[in-house]
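Visitor: Hi! I'm new to this, so please walk me through this one in plain words.
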Amino acid sequence: SRRASRASRAAAASAARRRAAASAAARRSAAAAASASASTPDNATSFAAATMSATELRRSSVATVEIDGIPLRTYKNAPADMRQVWLGTAAHGDADYLVYEDERLSYAECHKLVAAAAHNLVHRFGVKPGDRVAVAMRNYPEWILSYWAAISVGASVVGMNAWWTGPEMVYALNDAKPTMLIADQERLERLAPVRDQVGDFQ
């Protein structure tokens, strides 16, 4: 009985091996057929043309430039700076750009707000290209609008973590030395008790 059982199991295993071998042979045959098809003149030419086209496209759009004496590969037609990225979004017009709770602001509306804020940064607060503008607030629409306004006038943005305590804000402000700080009421209240520990800024 045990011998019959072993024989039965051996026969089943042998049959399984034959099925696996047949399946593998079928897969190899299909792969060979596909390879042969791809190597026909028409398909080979199309594949080569597509490959060359993609390669040439990459080569034509990338250039090597020197930055601080170090050669770096970059895109030839990339925006020159983040200001150009922002200006490039004006074409979206009335499409939604910022959504906060039940408030929606279109690209067109945001461009007007950013332009007004940028004008104030320069003509009211004297911000110049190269200055640093710190932004400390929750994720309100005003955060990103302040960012684009500062970038638009050539300033660098110092993004401050809204969770920072007063002493942490003091450290960051003294380290970055911004020309001005744009903050929401909660951040101003948090900074108030330690304001005398920070250098001058608007």
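Visitor: Let's start with Arg104: buried or exposed?
Guide: Arg104 is exposed, as its relative accessible area is 52%. Buried means under 20% relative accessible area, exposed means over 50%, and partly exposed is in between, using a 1.4 Å probe and protein chains only.

Visitor: And where do these values come from?
Guide: This is a predicted model, in which local features need pLDDT of at least 70 and side-chain atom pairs count only at pLDDT 80 or more, while totals for chains, interfaces and linings use all residues. Residues are numbered from 1 along each chain as its sequence is written, and side-chain values use heavy atoms, with hydrogens and water left out.

Visitor: Back to Arg104. Which side chain does it meet in a salt bridge?
Guide: The partner of Arg104 is Asp96, at 2.6 Å from N to O. A salt bridge here is a side-chain nitrogen of Lys or Arg within 4 Å of a carboxyl oxygen of Asp or Glu. Asp96 is partly exposed, at 41% relative accessibility.

Visitor: Why can side chains pair like that?
Guide: Side chains of opposite charge can pair when their charged atoms come close.

Visitor: How many salt bridges does the structure hold?
Guide: There are five. One of them brings together Lys128 and Asp131, at 3.7 Å from N to O, and Asp131 is buried, with a relative accessible area of 13%. Another joins Glu186 to Arg187, with 3.2 Å from N to O.

Visitor: Glu186 and Arg187, then. Which is buried and which is partly exposed?
Guide: Arg187 is buried, at 3% relative accessibility, whereas Glu186 is partly exposed, at 38%. Salt bridges with shared partners also link Asp184, Glu186, Arg187 and Arg190 into one network.

Visitor: New topic: rings! How many aromatic pairs are there?
Guide: The count comes to six. Rings of Phe, Tyr and Trp (its six-membered ring) pair if their centres lie within 6.5 Å; planes under 30 degrees apart count as stacked, over 60 as edge-to-face and the rest as tilted. Trp86 and Tyr97 make a tilted pair, 5.6 Å centre to centre with 55 degrees between the planes.

Visitor: Where do Trp86 and Tyr97 lie?
Guide: Trp86 lies in helix α3 (residues 82–87) and Tyr97 in strand β3 (residues 96–100), so their pair ties together parts that are eleven residues apart in sequence. Trp86 is buried, with a relative accessible area of 2%, while Tyr97 is partly exposed at 23%.

Visitor: What about Trp143 and Tyr147, stacked or tilted?
Guide: Trp143 and Tyr147 are stacked, with 6.1 Å centre to centre and 20 degrees between the planes. Both lie in helix α5, four residues apart, which is about one turn of the helix. Trp143 is partly exposed at 23%, and Tyr147 is buried at 19%.

Visitor: Which strands go with α5 in a β-α-β unit?
Guide: Strands β5 and β6 do, and the unit is right-handed. Right-handed means that, with the strands pointing away from you, the path from the first strand over the helix to the second runs clockwise. β5 (residues 132–136) and β6 (residues 156–160) pair in the parallel sense over five bridges, and two strands count as paired if DSSP finds at least two bridges between them.

Visitor: And how many helices and strands are there?
Guide: Seven helices and seven strands. They are DSSP runs numbered from the N terminus: helices are H or I with at least four residues, strands are E with at least two.

Visitor: Last one: where does pLDDT stay under 50?
Guide: One such stretch is residues 1–7, with zero contacts beyond four places in sequence; another is residues 30–41, with four such contacts. pLDDT is the predictor's confidence in each residue, from 0 to 100. The protein averages 81, and 70% of the residues score at least 70. Where pLDDT is low, the predicted coordinates should not be read in detail.

Terms used. Contact = heavy atoms within 4.5 Å.
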